[in-house]
Amino acid sequence: MLYKILTVAGLATFEIYAAIPAGFAFNLSPWVIFFASLIGGLTGVYVAAFLGDKIRAFFSRNKPVKEEKPKTGIIYRIWDKYGVIGLGFLGTMTVGAPVSIAVGVGFKVPLNRLLTWCCLGVLTRCALFTTIGYFGLKLF
């Protein structure tokens, strides 16, 4: 049973959408699925934040300073409209925390604020999809 829990947590490190159905396929308790996917998702957030910060520091170390381009395009409009909450929470709910953190590192967002909203997004995402999976299986 331990390998099933570790599989769910490992999948959640990269993608919660795969972890929760795998937990139900393994016939795990919804609470076990929730906590395993939550721990895995939070681990993914912190690993992505740690690696993203190290990668940015590595590439910006020897990079010459360039003239800054005007900030136009859809990504910048979304960023201007929703800010760090949209990127951290809504980004985590849609595309996942690692992608949201990578975009945030690119935008030079304060990492502690981004981590807070990504963690809340992971918590909400795990609770929502575990609940949907549990009650969805009760229909059959």
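**Close-up views of the predicted model**

**View 1. The residue just after helix H5.** Just past H5, lysine 108 has a positive phi of about 60°. Helices here (H or I, at least four residues) are DSSP runs, numbered from the N terminus. This is a predicted model, so local features need pLDDT of at least 70 and side-chain atom pairs count only at pLDDT 80 or more, while totals for chains, interfaces and linings use all residues. Residues are numbered from 1 along each chain as its sequence is written, and side-chain values use heavy atoms, with hydrogens and water left out.

**View 2. The buried side of H5.** Ala97, Ser100, Ile101, Gly104 and Val105 are buried in H5 (buried is under 20% relative accessible area, exposed over 50%, partly exposed in between, with a 1.4 Å probe and protein chains only). These residues sit on the same side of H5, because they cover an arc of only 135° around the axis (the arc is that of the directions from the helix axis to the C-beta atoms).

View 3. H1 (residues 2-14) has 13 residues and reaches 19 Å from its first C-alpha to its last, close to the 18 Å expected at 1.5 Å a residue (the expected span is 1.5 Å times one less than the number of residues). Val8, Ala9, Ala12 and Thr13 are its buried residues. They fall within an arc of 145° seen down the axis, so they line one face of H1. Over on the other side, Tyr3, Leu6 and Phe14 are exposed.

**View 4. Phenylalanine 35 in H3.** Look for phenylalanine 35 in helix H3 (residues 30-61). It counts as partly exposed because its relative accessibility is 44%.

**View 5. The largest nonpolar core.** This core has 27 residues, and Ile16, Val45, Ile101, Leu114, Val122 and Cys126 touch the most other members (a nonpolar core is a set of buried Ala, Val, Leu, Ile, Met, Phe, Trp, Tyr and Cys residues joined through side-chain atoms within 4.5 Å). H1, helix H2 (16-25), H3, H4, H5 and helix H6 (111-138) each give two or more residues to the core. H3 gives the most, with seven residues.
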